[in-house]
Amino acid sequence: MTTPMPVAAQPLPAHGILAEVGEDSIILAIPHTDYRLHLLCDAAATVGKVDDRVSGVIRGVARRVDVVPAGGRYIEPVYGRPRRIQGWIKAIDPVDRTLTVHAGAAPVTVTLGDTRQKVTDFCVDQLVSFDIERGATWTAT
């Protein structure tokens, strides 16, 4: 059994191609996949133009995070705003109350939305699954 070990780390960047740039959102295409993630971003931020290769952090709020015994890494749905995520925990930040989860297509940094949960309940390399609240964001790095 792995013991929980908090690890403060910078969120891992996701890499993709800007498929569409809106006033306050983008559609991020993940190379070599069918993923087209609809993400909010700061309208004042310079994110790039369509077809640019970009790097940035995807952030969201997880409703309740559950440790799962088996399964793959994914973001659902493939097209649209992220709603359900499953993957391996790659970084834990107890100060910000965040987990960075490698969901196969891209790493996603989530804040725990269920106040009954603590990041110290989890450890790096655990497989977790959760719903993500509406409003996942993109911050260019």
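Student: Which residue forms a salt bridge with Lys 49, and how far apart are the closest N and O atoms?

Tutor: A salt bridge is counted when a side-chain nitrogen of Lys or Arg is within 4 Å of a carboxyl oxygen of Asp or Glu. In this predicted model, the partner of Lys 49 is Asp 52, and their closest N and O atoms are 3.7 Å apart.

Student: Is each residue of that pair buried, partly exposed or exposed?

Tutor: Exposed means over 50% relative accessible area and buried means under 20%. Lys 49 has a relative accessible area of 58%, so Lys 49 is exposed. Asp 52 has 23%, so Asp 52 is partly exposed.

Student: How many salt bridges does the count come to?

Tutor: The count comes to six salt bridges. Some of the residues involved form a network: Arg 64, Asp 66, Asp 114 and Arg 116 are linked by salt bridges.

Student: How accessible are Arg 64, Asp 66 and Asp 114?

Tutor: Arg 64 is partly exposed, with a relative accessible area of 42%. Asp 66 is also partly exposed, at 31%. Asp 114 has a relative accessibility of 9% and therefore counts as buried.

Student: Which residues does Asp 114 touch, not counting those up to four places away in sequence?

Tutor: Asp 114 touches Ala 62, Arg 63, Arg 64 and Arg 97.

Student: What is the nearest side chain of opposite charge to Arg 81?

Tutor: That side chain belongs to Asp 131, which is 8.8 Å away. Arg 81 is buried yet has no salt bridge.

Student: Where is Arg 81, and which residues is Arg 81 in contact with?

Tutor: Arg 81 is in the loop between strand E7 (79-80) and strand E8 (84-93). Leaving aside neighbours within four places in sequence, Arg 81 is in contact with His 38, Glu 76, Ile 132, Glu 133 and Arg 134.

Student: Where is Ala 29, and is Ala 29 buried or exposed?

Tutor: Ala 29 is in strand E2 (residues 25-29). Ala 29 is buried, with a relative accessible area of 9%. Residues apart in sequence may also be compared in space: Ala 29 and Gly 16 are 13 residues apart in sequence and 5.5 Å apart from C-alpha to C-alpha. Leaving aside neighbours within four places in sequence, the contacts of Ala 29 are Gly 16, Ile 17, Ala 19, Tyr 35 and Arg 36.

Student: How much space lies in the largest pocket, and which residues are closest to its centre?

Tutor: Rolling a probe the size of a water molecule over the atoms shows where empty space is left. Here, about 150 Å³ of space lies in the largest pocket. Of its 13 lining residues, the closest to the centre are Pro 11, Asp 93, Asp 96, Thr 98 and Thr 109. The elements giving two or more residues to the lining are E8, strand E9 (98-102) and strand E10 (107-112). By class, the lining has five nonpolar, five polar and three charged residues.

Key: Residues numbered from 1 in each chain as written. Predicted model: local features only at pLDDT ≥ 70, side-chain atom pairs only at ≥ 80, totals over all residues. Heavy atoms only, no water. Helix = DSSP H or I, 4+ residues; strand = E, 2+ residues; numbered from the N terminus. Buried < 20%, exposed > 50% of the residue type's maximum accessible area, 1.4 Å probe, protein only. Lys, Arg positive; Asp, Glu negative; His and termini not counted. Contact = heavy atoms within 4.5 Å. 1 Å grid on protein atoms, 1.4 Å probe; cavity = no way out; pocket = protein on both sides within 12 Å on 5 of 7 lines; lining within 4 Å. Points joined across faces, edges and corners; volume = space filled by probe spheres on them. Nonpolar A, V, L, I, M, F, W, Y, C, P; charged D, E, K, R; others polar.
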